[in-house]
Amino acid sequence: MNENLFTSFTTPTMMGLPVVVLIVMFPSILFPSPNRLINNRLVSLQQWLVQLTLKQMLITHNYKGQTWALMLMSLILFIGSTNLLGLLPHSFTPTTQLSMNLGMAIPLWAGTVITGFRHKTKASLAHFLPQGTPVPLIPMLVIIETISLFIQPVALAVRLTANITAGHLLMHLIGGAALALTNISAPTALITFIILILLTILEFAVALIQAYVFTLLVSLYLHDNT
Amino acid sequence: MASSIPVKEEKLMDVRLGQLSSWIMIQDFTPKGIPGAFQRGYYQYYNKCVYVKKGGVAGISMVLAAYMLFNYCCCYRELRHEQLCKHH
């Protein structure tokens with residue numbers, strides 16, 4: 001059973017060819033681009049959702065920050081749709097792979113930091129020392145702030161990986177337990193099944209929330225630096 | 001009943017079973033032809049089932065069901081051992 005638990009997290013291959021590329025590109029099919037001024041029901045619904053999220057996300061940014069609108073919206077749509085697709089049975093979730101999340105987090109974080117250092121050098125350097133610190137503590141605090149800066153992309157990636165992986169693992173375990181308990185004791189199996197349903201509802205929420213948190217944090221780092 | 005369109009230009013759903021092998025052999029397997037076939041297939045499905053005036057959940061559900069089936073085929077090898085039978 002131990003081996004089976006983690007085989008769903010290995011990158012899928014079919015006859016030696018990596019299918020993972022197709023799986024990563026798959027969510028893009030589910031978001032058709034609007035062709036006309038007034039579209040059909042589905043596309044209008046998607047457009048409305050995207051604009052709602054966009055307004056919510058960009059309201060805190062100035063002009064410079066709002067140039068990142070496309071990037072942030074693509075990010076939240078990609079992570080949200082990938083996480084939700086991962087809840088389908090037998091599917092592979094690319095966001096459970098730390099490599100992929102680091103590949104998203106590090107360039108975005110580095111982009112915000114480099115933007116900050118290029119355009120507002122003094123203010124960016126000033127972030128390393130909070131206002132009102134006592135003089136003896138300054139060296140230590142600068143070191144701590146530097147470490148906290150460099151840990152931001154790692155935290156972004158690991159948060160997403162850990163949340164989605166843990167959720168999937170829990171679902172596997174509780175589902176396996178419910179199945180094994182059907183022969184032993186039916187009421188216990190029923191209770192386990194109800195727990196599984198509640199967990200699935202939680203996982204739907206977590207999928208969307210994690211996408212939102214990731215994008216929000218990137219947007220926050222951007223706001224600090226523009 | 002003989003069809004007036006040559007076999008090559010018929011869509012896959014219109015090809016008769018007996019003509020299927022000849023249809024496959026005639027198709028364009030160049031690097032330009034295969035993506036073109038996928039693109040045509042995508043737009044045929046999209047315009048028929050998804051991009052309709054009162055679209056519903058059916059169009060996208062079929063895509064998701066096909067995606068699930070595809071993933072099941074990919075991990076069948078690992079799942080074979082979990083079948084509910086007395087002797088594996």
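Q: What makes residues 137–158 of chain A count as helix or strand?
A: Helices are DSSP runs of H or I with at least four residues, and strands are E runs of at least two, numbered from the N terminus. By that rule the span 137–158 of chain A is 95% helix and 0% strand. Its end C-alpha atoms lie 30 Å apart.

Q: What about residues 189–222 of chain A?
A: That span is 100% helix and 0% strand, with end C-alpha atoms 48 Å apart.

Q: How do you know which residues of chain A are listed as "transmembrane region"?
A: An unreviewed UniProt entry lists 12–31, 67–86, 137–158 and 189–222 of chain A. Such annotations may be inferred rather than shown by experiment.

Q: What are the ground rules?
A: This is a predicted model: local features need pLDDT of at least 70, side-chain atom pairs need 80 or more, and totals for chains, interfaces and linings use all residues. Residues are numbered from 1 along each chain, chains are lettered from A and ligands numbered from 1 as written, and side-chain values use heavy atoms, without hydrogens and water.

Q: How many residues of chain A and chain B are in contact?
A: Contact means heavy atoms within 4.5 Å. By that test, 23 residues of chain A meet 22 residues of chain B.
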